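Okay, thanks for coming, everyone.

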Amino acid sequence: QVHLVESGGGLVQGGGSLRLSCTASGRTDDIYQMSWFRQAPRKEREFVATLRWIGGYPDYADSVKGRFTISRSNSENTVDLRMNSLKTEDTAVYYCAARRVGYRDYDFWGQGTQVTVSS
């Protein structure tokens, strides 16, 4: 089992910055990939950013490229999402998720953290 806990959400004005963190515990050696997703009210959950647990290889949704940065802190088993130049359309609940080696789907999810961007 892998347990994920997100932190760092909040309210920010448009153009501002926030950093989200996702701390993994448990069988972290089983993790292949960590990603961030988000879900806005009345919308489907969407992919935001991803990172391989070993080796990096970050990738981003087009809507956040150039504004968001995903990174991993090896010593703390934490994956951060640095969000700059925030827009009102970035308002959503943000979830981190883990995909294990040999598995196609993300089967471990955090509880979510709310990000609200005001105009």
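Let me begin with two residues, Asp-90 and Arg-38: both are buried, meaning under 20% relative accessible area, where over 50% is exposed and anything in between is partly exposed, with a 1.4 Å probe and protein chains only.

A quick word on the ground rules. This is a predicted model, where local features need pLDDT of at least 70, side-chain atom pairs count only at pLDDT 80 or more, and totals for chains, interfaces and linings use all residues. Residues are numbered from 1 along each chain as its sequence is written, and side-chain values use heavy atoms, with hydrogens and water left out.

Back to our pair. Asp-90 and Arg-38 form a salt bridge, N to O at 2.9 Å; the term means a side-chain nitrogen of Lys or Arg within 4 Å of a carboxyl oxygen of Asp or Glu. That one links distant parts of the chain, 52 residues apart: Asp-90 is in the loop between strand 8 (78-83) and strand 9 (92-100), and Arg-38 is in strand 4 (residues 31-39). Strands, by the way, are DSSP runs of E, at least two residues, numbered from the N terminus.

What else does Asp-90 form a salt bridge with? Arg-67, with the closest N and O atoms 2.7 Å apart. Here Arg-67 sits in the loop between strand 6 (56-60) and strand 7 (68-73), 23 residues from Asp-90. Asp-90 counts as buried because its relative accessibility is 1%, and Arg-67 does so at 11%.

Put together, Arg-38, Glu-46, Arg-67 and Asp-90 are linked in a salt-bridge network.

Notes
Helices (H or I, at least four residues) and strands (E, at least two) are DSSP runs, numbered from the N terminus.
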